[in-house]
Amino acid sequence: MANTDTDTIAAISTPVGEGGISIIRISGDDALKVAEKIYKGKDLEKVASHTINYGHIIDPDSGQEVDEVMVSVMRAPRTYTCEDVVEINCHGGLLATNRILQLVLSFGARMAEPGEFTKRAFLNGRIDLSQSEAVMDLIRAKTDKSMKVALTQLDGDLSRLIRHLRRDILDVLAQVEVNIDYPEYDAVEEMTTKMLKEKAEEIQQRIEALLKTAKQGKVLREGLATAIIGRPNVGKSSLLNTLLHEDKAIVTDVAGTTRDVIEEYVNVNGVPLKLIDTAGIRETDDTVEKIGVERSKKALDAADLILLLIDSSTELTAEDRELLDATAGKQRIVILNKTDLPRKVELDQLKEIVGSDAVIETSIVNHAGMDQLGERISTMFFDEGIESSQNNVMVTNARHIGLLRQADEALTDVLKGIADNMPVDLVQIDMTRCWEMLGEITGDSYQDELLDQLFSQFCLGK
Ligand code: GDP
């Protein structure tokens with residue numbers, strides 16, 4: 001039987017593994033009934049909503065006790081999904097948790113798909129699409145700032161901005177209709193196009209202001225792919241370790257992959273850096289594998305930001321020059337390291353080659369220059385100040401950015417149409433397109449495939 005959006009669903013909502021507590025979440029019309037079948041304690045179907053109840057999970061077939069639990073009962077509609085929700089808090093072992101899930105599944109619930117609880121919150125009208133996406137962003141947030149952006153979005157700030165825009169567009173469209181319907185007045189056409197032009201320009205400005213936040217938003221959300229490169233012995237692993245220790249790195253294991261793609265994130269002055277090929281940098285004992293010029297070059301392609309180290313205590317080598325050449329024109333910071341040692345490379349000499357202000361002097365072993373490096377990284381990416389963006393709203397999601405761009409293009413077409421003296425009803429079509437694109441951000445207009453694709457990226461149990 002095909003899954004439907006009205007089945008009662010269940011999943012383990014906490015990370016799988018040993019922990020203090022695990023939570024099995026059940027949502028749907030039969031949530032209470034299912035739980036009641038395997039629970040010994042108060043009658044769950046009679047307890048007050050939003051209460052937590054002590055009892056035991058019993059396997060009804062064998063009569064055996066499975067675990068001692070606390071069961072939260074939350075009745076629709078004031079729940080995460082807007083449906084009846086039961087959460088079984090059990091002891092956080094793998095065995096008990098899975099056993100309880102199995103019981104829940106054999107007594108009437110079906111396994112939830114990834115993100116299905118949140119999808120229901122959306123389908124039942126509790127949150128809109130951009131808010132649902134914010135839930136995922138929040139889970140994955142790497143720094144305080146990315147969390148703040150996700151929370152703002154979850155609160156619906158982006159949605160409100162988009163809805164205002166849509167309402168204003170609708171007002172314009174309505175006004176155009178009225179004018180078209182009463183053509184007996186003189187100069188009505190001229191008035192209409194003038195109004196359309198002014199409004200389209202104003203709305204376009206607002207959309208473009210939002211788009212401007214996208215670059216920073218993407219960095220906050222996904223982390224800035226950063227490569228630490230340089231010939232052997234310049235101090236790459238020292239820099240890596242300093243960054244990791246100072247900033248309490250978050251290490252995430254990418255599911256189903258090997259150690260090579262462990263992603264390490266560090267937070268440098270509010271910028272989450274996603275460090276590329278940290279495994280390569282660490283393999284310093286093996287001289288063959290030692291990250292050298294070739295491996296450095298490979299990391300370049302994947303990087304948004306390059307930290308290129310140069311050893312100030314030895315003359316510039318051909319390898320240094322090769323890497324300087326290979327990174328010219330990219331977003332890079334050249335780090336002149338080991339400044340505690342007698343100099344062979346001077347700052348001025350290096351600046352002649354790299355130009356501009358992108359050289360930072362450090363003595364990594366002495367932790368000197370690390371603050372300047374941090375400041376340089378943050379000004380490179382937040383030069384307009386992250387706090388000063390439009391009402392603190394930032395667009396961070398690739399799907400939203402794509403739609404905003406299309407909305408922006410539709411407005412460019414509106415303005416072009418007006419400039420070319422196109423009939424008003426044709427211009428109106430482009431204006432309507434803009435309205436529709438914006439609607440897809442909040443999910444006011446959406447397609448089923450989009451929903452499936454979107455929610456499938458969620459964690460199981462959310
Ligand atoms: P990698 O091969 O580029 O990863 O370089 P390492 O980080 O392994 O550093 C090579 C050597 O240089 C190690 O012995 C470090 O302790 C030393 N080193 C790194 N940074 C500095 C520095 O700022 N000053 C001095 N004097 N030595 C450093």
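Let me start with how residues are sorted into classes. Ala, Val, Leu, Ile, Met, Phe, Trp, Tyr, Cys and Pro count as nonpolar. Asp, Glu, Lys and Arg count as charged, and the others, Gly among them, as polar. Keep in mind that this is a predicted model.

Now, the second largest cavity. By class, its lining has 4 nonpolar, 3 polar and 2 charged residues. Which residues are they? The lining is made of Asp137, Ala141, Ser146, Val149, Ala150, Gly217, Leu220, Arg221 and Thr396. Helix 5 (144-154) and helix 8 (214-222) are the elements that each give two or more residues to this lining. The volume of this cavity is about 60 Å³. The count of cavities of 30 Å³ or more comes to 3.

Next, an open space: the second largest pocket. Its volume is about 290 Å³. It is lined by 15 residues, and Ser13, Thr14, Pro15, Cys459 and Leu460 are the closest to its centre. The lining splits into 9 nonpolar, 3 polar and 3 charged residues.

On to strand 12, residues 305-311. Is it mostly covered or mostly open? Mostly covered: 7 of its 7 residues are buried. In a regular strand, side chains alternate between the two faces of the sheet. Here, Leu305, Leu307, Leu309 and Asp311 point one way. Ile306, Leu308 and Ile310 point the other way. Note Asp311: it is buried too.

Who are the neighbours of strand 12? Strand 8 (residues 224-229) runs parallel to strand 12, joined by 4 bridges. Strand 12, helix 12 (residues 318-327) and strand 13 together make a β-α-β unit, and it is right-handed.

Last, the cores. In soluble globular proteins, nonpolar side chains tend to be buried together. The largest nonpolar core in this model has 34 residues. Those touching the most other members are Leu196, Ile207, Leu210, Leu404, Met431, Cys434 and Leu438. At least two residues each come from helix 6 (157-181), helix 7 (188-212), helix 15 (398-419) and helix 16 (424-442). Helix 15 gives the largest share, 9 residues. There is also a second, separate core of 29 residues. Val271, Ile364, Ile377 and Met394 are among them.

That's the tour. Over to you.

Terms used: Residues numbered from 1 in each chain as written. Predicted model: local features only at pLDDT ≥ 70, side-chain atom pairs only at ≥ 80, totals over all residues. Heavy atoms only, no water. 1 Å grid on protein atoms, 1.4 Å probe; cavity = no way out; pocket = protein on both sides within 12 Å on 5 of 7 lines; lining within 4 Å. Points joined across faces, edges and corners; volume = space filled by probe spheres on them. Buried < 20%, exposed > 50% of the residue type's maximum accessible area, 1.4 Å probe, protein only. Pairing = 2+ DSSP bridges. Right-handed = clockwise from strand over helix to strand, strands pointing away. Core = buried A, V, L, I, M, F, W, Y, C linked by side-chain atoms within 4.5 Å.
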